[in-house]
Amino acid sequence: MATMAASNTRDLGSKDLGMRNNSSIKIDLANIADVPYYVEKRYVRAVDNGDEFQYEEVPVEEFYDDDKEETLDALIRNVKDQQRESQVISTSTSASISRGSLTTQPEAVDDFVRNFLVRMGMKKTMQQFQVEWHNLSSSGRIKTNEAGYLPDVVKHNEELSEKMKLLESEVDRYRKSAEKARDEFIKMKKERDYHRQHHNRIAQEKNNLITFVKRLKSHLSTYEPQLDELKVKYDAAVREKMMYKLERDRMQNELNALKLGTSTSYQSNTDGSLGPTQTKLRDLRLQEEKKRVTITSEQKRLTGSMDETNQSYAQDSEFPTDTGNNPYLNRFAEDAFHRSTLTLAKELLAHEGPISCAAIHPRKHVAVTVSDDRSWKMWAIPEGDMIMKGEGHADWVSGVDFHPTGNKMATCSGDTTVKIWDFSQKKCVHTFTNHLLPVWSVNFHSCGDFLTSASQDKTVRLWDLNSLRCRTVMRGHQDSVHSAEFLMFSNIILSSSVDKTVMLWDARTGLAEHTYAGHGNACNQATFNLRGDAIASCDTKGVVKIWDVRTVKTIVTLDFGPYSANSVSFHPAGQLLSTASGDRSIKLYNIGSEELIPLSSHTDEVQYVKFDLKGQYMISTGRDRTLRIWS
């Protein structure tokens with residue numbers, strides 16, 4: 001638009017424009033007040049009807065949320081305010097400029113056509129236009145100064161088009177920024193909702209755990225008086241037992257002396273009648289017999305079968321002499337000393353429940369597994385064919401071991417029993433029921449006449465398979481005993497307990513010989529190496545210790561935590577130690593090179609590992625109900 005400083009501004013029609021083209025404008029400086037002048041010269045054509053041009057309103061599409069539209073509107077308002085400010089500044093600047101003459105030569109029509117053709121890249125049309133224009137101007141059919149000039153509205157439209165393109169680009173840029181901000185906002189909102197939900201779940205679980213712990217504490221407090229009462233009764237029963245035992249021994253000695261005197265007097269008076277002395281001795285003998293019967297019945301009433309372990313029976317087995325010779329030390333496979341790692345050879349889905357333990361036949365390639373499904377199964381190695389299956393326990397089966405001859409097997413269970421199975425008869429031939437709580441482990445003596453078991457009742461028991469009774473009850477652990485095993489071809493028993501200790505027992509006397517203390521958590525298992533000079537033990541936090549039997553000191557401490565180490569087993573050659581871990585892997589440790597090789601194949605916690613006596617393969621079981629063979 002033209003900005004005029006004088007008030008007598010008039011519109012210029014086509015006639016005036018023609019006149020302006022033919023002659024230049026002269027300004028009289030004396031009458032300059034009557035002459036219109038311009039800051040920027042523009043030629044405005046008059047509109048015939050006098051109506052203003054009506055612009056079409058462009059609708060704004062709703063691309064954004066309410067928040068985003070408000071932000072975009074604010075930006076548009078800011079742009080408009082800046083434009084108004086710039087116009088005000090330009091107006092004030094134009095007002096401050098002194099009056100003078102300023103003319104702007106409008107663009108000719110032919111120049112506009114040339115610029116248009118050049119801008120559009122129409123070179124051939126441009127050449128043709130130049131030729132025709134030159135011919136017309138040369139022939140005089142058209143005059144250059146009469147061709148006319150480009151109207152101001154065209155140039156103004158071009159400027160508006162450029163501004164419109166610029167504004168459209170700005171709008172697109174703002175729109176992309178707003179969409180990006182909206183996507184980020186939606187993403188952050190989803191993350192906030194996820195973390196809020198996770199926080200609520202954790203808080204709910206924490207509250208549930210707190211409630212459960214409080215309930216357990218209250219439940220435990222109800223049992224504490226009963227436990228204290230039972231402990232007092234147990235101590236009183238033990239004291240009474242010792243008193244009865246001393247009284248029995250004293251009366252037995254007196255009775256023996258009386259019998260000796262009676263036999264002498266009886267031989268001298270066989271043909272005559274009894275005298276007063278013999279009559280008195282007979283009365284005393286009858287009284288002693290009555291007392292003995294009364295004491296025996298009272299002991300049985302108070303202590304049950306506890307006193308039977310100290311008595312001797314004709315059917316009792318004799319303990320073999322410790323020679324220190326182990327014939328299995330010379331029966332290794334040819335490559336036993338060169339093994340450094342193992343690979344998975346066979347995988348068997350053996351049971352319907354977690355497999356807690358397994359055992360290897362001493363003479364054949366056969367393994368047996370026991371499970372929480374209350375059954376045991378026998379498998380051919382490495383084919384994986386099931387040979388035999390047995391059921392009979394009333395609860396989960398926790399331990400198993402083959403008889404040294406391979407004709408029998410022992411199992412223990414959570415039903416507090418130990419069962420002896422005879423393969424030739426295909427049935428259970430005997431059940432030991434002396435344990436008061438679940439039994440965790442069983443192991444045969446190398447001679448085959450004795451069996452040891454570990455129980456949650458804090459005891460290790462020695463069973464005689466000939467007299468079918470409990471020979472010895474070994475008490476010394478302060479908590480549940482998880483494992484018990486014989487040193488091969490020896491009368492030494494090794495046990496591990498929840499009280500964090502490992503103990504050595506003499507099976508002949510039932511007394512503890514050594515105690516190995518060093519674990520910070522409950523021990524799950526302890527085992528000898530084949531030579532018997534080292535012990536490996538593991539606990540519930542993944543710590544494995546190797547002990548020197550003679551010095552009762554730790555040789556090596558391995559930390560496989562924080563998951564539990566459930567079982568350990570020495571390779572017969574002694575260079576490898578395998579550990580069943582709660583992280584679904586088997587830790588194979590080379591004692592000589594101190595190299596750790598993890599074996600990952602199980603899909604759940606590994607419960608048990610065991611090498612065969614020749615060092616040819618290893619078996620493992622776990623909560624994934626599988627038996628895996630490694631070679």
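**Helix H3 and the overall fold**

Helix H3, formed by residues 109-120, contains 12 residues and spans 16 Å from its first C-alpha to its last, close to the 16 Å expected at 1.5 Å a residue. The model described here is predicted. Its protein chain contains six helices and 28 strands, and 36% of the 631 residues in the chain are buried. Among contacts between residues at least 6 apart in sequence, 49% join residues at least 24 apart.

**One face of helix H3**

- The buried residues of H3 are Asp-110, Arg-114 and Leu-117.
- Viewed down the axis of H3, these buried residues fall within an arc of 65°, so they line one face of the helix.
- An α-helix has 3.6 residues a turn, so residues three or four places apart point the same way.
- The partner of the buried residues of H3 is helix H4 (123-139), against which they pack.
- After H3 comes Gly-121, which has a positive phi, near 75°.

**Salt bridges**

- The structure holds 13 salt bridges, including the pairs described below.
- One of them joins Glu-229 to Lys-233, with the closest N and O atoms 3.5 Å apart.
- Glu-229 and Lys-233 are separated by about one helical turn because they are four residues apart in helix H5 (residues 152-268).
- Both ends of this pair are partly exposed: Glu-229 has a relative accessible area of 44%, and Lys-233 has a relative accessibility of 48%.
- A salt bridge also forms between Arg-628 and Glu-347, whose closest N and O atoms are 3.0 Å apart.
- This pair links distant parts of the chain, since Arg-628 belongs to strand S28 (residues 626-630) and Glu-347 to strand S1 (residues 344-349), 281 residues apart.
- Arg-628 is buried, at a relative accessible area of 2%, whereas Glu-347 is partly exposed, at 45%.
- Asp-624 joins Glu-347 and Arg-628 in a network of salt bridges.
- The side chains of Lys-587 and Asp-583 form another salt bridge, at 2.9 Å from N to O.
- In this pair, Lys-587 is buried, with 12% relative accessibility, while Asp-583 is partly exposed, with a relative accessible area of 26%.

- Ser-483 is located in strand S14, which covers residues 481-486.
- With a relative accessible area of 5%, Ser-483 is buried.
- Apart from its neighbours within four places in sequence, Ser-483 is in contact with several residues, among them Ser-441, Ala-454, Leu-494, Asn-524 and Gln-525.
- Ser-496 is also in contact with Ser-483, and the side chains of these two serines make a polar contact at 2.5 Å.
- Ala-526 is another contact of Ser-483; the backbone nitrogen of Ala-526 lies 3.3 Å from a polar atom of the Ser-483 side chain.
- Thr-527 is 44 residues from Ser-483 in sequence, yet their C-alpha atoms are 8.7 Å apart in space.

- Ser-578 lies in strand S23, which runs over residues 576-581.
- The relative accessibility of Ser-578 is 0%, and this residue therefore counts as buried.
- Leaving out residues up to four places away in sequence, Ser-578 touches Ser-567, Val-568, Ser-569, Ile-586, Lys-587, Leu-588, Val-609, Phe-611 and Met-618.
- Lys-587, one of the residues touched by Ser-578, is the residue that forms a salt bridge with Asp-583.

**Cysteines and disulfides**

- A disulfide is a covalent bond between the sulfur atoms of two cysteines.
- How many disulfides does a search of the whole structure find? The search finds zero.
- For comparison, the cut-off for a disulfide places the two sulfur atoms within 2.5 Å.
- Cys-357 is buried, with a relative accessible area of 9%, whereas Cys-447 is partly exposed, at 31% relative accessibility.

How values were computed: Residues numbered from 1 in each chain as written. Predicted model: local features only at pLDDT ≥ 70, side-chain atom pairs only at ≥ 80, totals over all residues. Heavy atoms only, no water. Buried < 20%, exposed > 50% of the residue type's maximum accessible area, 1.4 Å probe, protein only. Helix = DSSP H or I, 4+ residues; strand = E, 2+ residues; numbered from the N terminus. Contact = heavy atoms within 4.5 Å. Polar contact = N/O pair within 3.5 Å; in protein donor to acceptor, adjacent residues only side chain to side chain. Expected span 1.5 Å × (residues − 1). Arc of directions from axis to C-beta. Salt bridge = Lys/Arg side-chain N within 4 Å of Asp/Glu carboxyl O.
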